[in-house]
Amino acid sequence: WMESVFGNISPASYESVQKMDLHKLINYYSNYEEKPHRTITDPTIEGLNDVIKLDVKNNILKYTHNIEVIYSAPIGFQYSWIIGLWQYCYDNKTYIDSSDVFILILKIISSANFKKDYVDDNSFRNKNKWFAHRVLSLLNCGLDCHGHMFSVQNLPLVKEIILDLYKNDNDAEIVKDRDISHQYFNSYSGELYGALIEYNVVEAYKSNAPIGNRWDDDIKCILDSKLSKEQKNPLFFYALGNKFYSLLWIDESWLKNILTIEDCDNWKGFMVGFHFNNIVSQVFEDFCNSGQYDRFFSNRDYFDSVTQNRVIQYICTAYYSEKINFDLNSPLLISVLNERNALDYENIIQFFYRKHKDLPIEKVKDLWRYMYHLNKELDNDVSKYFIGESYRWLDFFDNIDEEIKEWMLLSVKNLQPFSASEVIKKLTVYTKNNPIQV
């Protein structure tokens, strides 16, 4: 027979932890000692940490009010407490607006011992850095300008925490990951940059600050200082891109400082961060006019396929949007279609194929017509690919007119492998209205 053990084993059951008040629980935690030579079935401090996190999630009031005793607890307990609070917010899509929690956090991160261990301990398991990271994750749950926002009375405490963490180490660590989006969302620095900007938005919104007077002076000073140093810091510029619309609301004129980025790595971070958003607005026109997309396609090998796909999605959304001045006469769209890049064509086909219920039919037909005439000579593999896959757009139309029949006749002669059955399935819908064309 074979036995498997998953996860960590706790020395105390969940039921017993539930029954303990904070004083007893912290005393138990502080006095617990692991066996020096343990087996995989022996209890560990990590197992106890897991049970405490679960108790935090399920008994939130116990850990958010009258909690001063946590200040004297070991950092391992404090880390379990803060990650439990964050998991509670994440799982329940909510936030914690407790002055007791904020006061305790500020007291912990301001202590001399916390700051000393924070700087001196460079190990991967430095719980001080992990604690600070999860504090920022927790704060960002209540700095959502589209929904959850901390109360006015707690904003000064929130600001003090963010600035104190910034002073501790404003470039604390960078997660080693080729994907800068993963770096941003999994790193202390990414959370910190996001919190700085979103705090400014919430503070200005809560105080009904008028246009032209929405900056928090301390936050603006930090961002201006970062920009003026002209250092290579892609993660910071990713944050500026990711929070572009927040900055736009704060001060549109300030964004001119960003759109002239010279350093390639910083500019890449900004572009990836901006296109991580799903918002496509008139800002798209500003990006076109300032040459951002010309620069992008001139340096497209600098970006991974995910970002390239997102840019094409932006272009497609701008094309069908009635609020954005962008059509088949726009130089950018003409350039992209004439380049006949295989990945771009695939993304264009898939974009309109997946969103067919929401799009203006005439826009799709105009695009199909343009791309058909551009590729009907079948003079390269990309042209053959588009003609063969263009049948996917047939679903937009209630009838097959003579023009669409011409496009479909060429399409069915150049289908990709295994596509024939899908075409037949689509055509059966038109047997009643358009039997001759079918």
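Helix H14, residues 264-274, is largely enclosed by the rest of the structure, because 8 of its 11 residues are buried. Here, buried means under 20% relative accessible area, exposed means over 50%, and partly exposed lies in between, with a 1.4 Å probe and protein chains only. Helices are DSSP runs of H or I with at least four residues, strands are E runs of at least two, and both are numbered from the N terminus. This is a predicted model, in which local features need pLDDT of at least 70 and side-chain atom pairs count only at pLDDT 80 or more, while totals for chains, interfaces and linings use all residues. Residues are numbered from 1 along each chain as its sequence is written, and side-chain values use heavy atoms, with hydrogens and water left out.

**Around helix H14**

The buried residues of H14 are Asn266, Trp267, Gly269, Phe270, Met271, Val272, Gly273 and Phe274. What covers them? The cover includes helices H9 (180-186), H12 (234-242), H13 (244-250), H15 (283-289), H16 (292-298) and H17 (305-320).

**Cysteines**

A disulfide is a covalent bond between the sulfur atoms of two cysteines; in this model it is called when the two sulfur atoms lie within 2.5 Å. How many disulfides does a search of the whole structure find? The search finds 0. Cys288 is in no disulfide, and the nearest cysteine sulfur, that of Cys316, is 13 Å away. Seen from Cys316, the closest cysteine sulfur is in Cys288, and 13 Å is too far for a bond. Cys288 is partly exposed at 21% relative accessibility, whereas Cys316 is buried at 4%.

**Helices that pack together**

Two helix pairs are worth a look. Axes are lines fitted to C-alpha atoms, for helices over the stretch in contact, and angles run from 0 to 180 degrees between N-to-C directions.

Helix H5 (residues 99-110) and helix H8 (residues 155-168) have axes that come within 10 Å and cross at roughly 20°. That makes the two helices roughly parallel, a label for angles under 35 degrees, with over 145 being roughly antiparallel, 65 to 115 roughly perpendicular and the rest oblique. Their crossing is left-handed, meaning that the near helix is turned anticlockwise from the far one by less than a right angle; clockwise would be right-handed. Among the H5 residues that meet H8 are Phe102, Ile103 and Leu106, and the H8 side includes Leu157, Ile161 and Leu165. Contact here means heavy atoms within 4.5 Å.

Helix H7 (residues 127-141) packs against helix H10 (residues 188-206) at an angle of about 35°, with axes 9 Å apart. The crossing of H7 and H10 is left-handed. Lys129, Ala132, His133, Leu136, Ser137 and Asn140 in H7 meet Tyr188, Glu191, Leu192, Gly194 and Ala195 in H10.

**Residues in the loops**

Where is Thr64? Thr64 sits in the loop between helix H3 (45-58) and helix H4 (75-92). A polar atom of the Thr64 side chain lies 2.9 Å from the backbone oxygen of Ile60. Apart from neighbours within four places in sequence, Thr64 is in contact with Leu85, Ile96, Ser98, Asp100 and Val101.

Ser330 belongs to the loop between H17 and H18, and the Ser330 side chain reaches the backbone nitrogen of Asp327 at 2.9 Å.

Arg340 lies in the loop between helix H18 (331-339) and H19. Its phi is near 50°, a positive value in a residue other than glycine. Phe418, in the loop between helix H22 (402-411) and helix H23 (420-427), has a phi near 70°, also positive and not in a glycine.

| Residue | Relative accessible area | Class |
|---|---|---|
| Thr64 | 4% | buried |
| Ser330 | 11% | buried |
| Arg340 | 22% | partly exposed |
| Phe418 | 83% | exposed |

**Tyr345**

Tyr345 lies in helix H19 (residues 342-354). Is Tyr345 buried or exposed? Tyr345 counts as buried, at 0% relative accessibility. Leaving aside neighbours within four places in sequence, its contacts include Arg340, Met371, Leu374 and Phe386.

Technical notes. A polar contact is a pair of N or O atoms within 3.5 Å; within protein, one must be able to donate a hydrogen and the other to accept it, and residues adjacent in sequence count only if both atoms are side-chain atoms.
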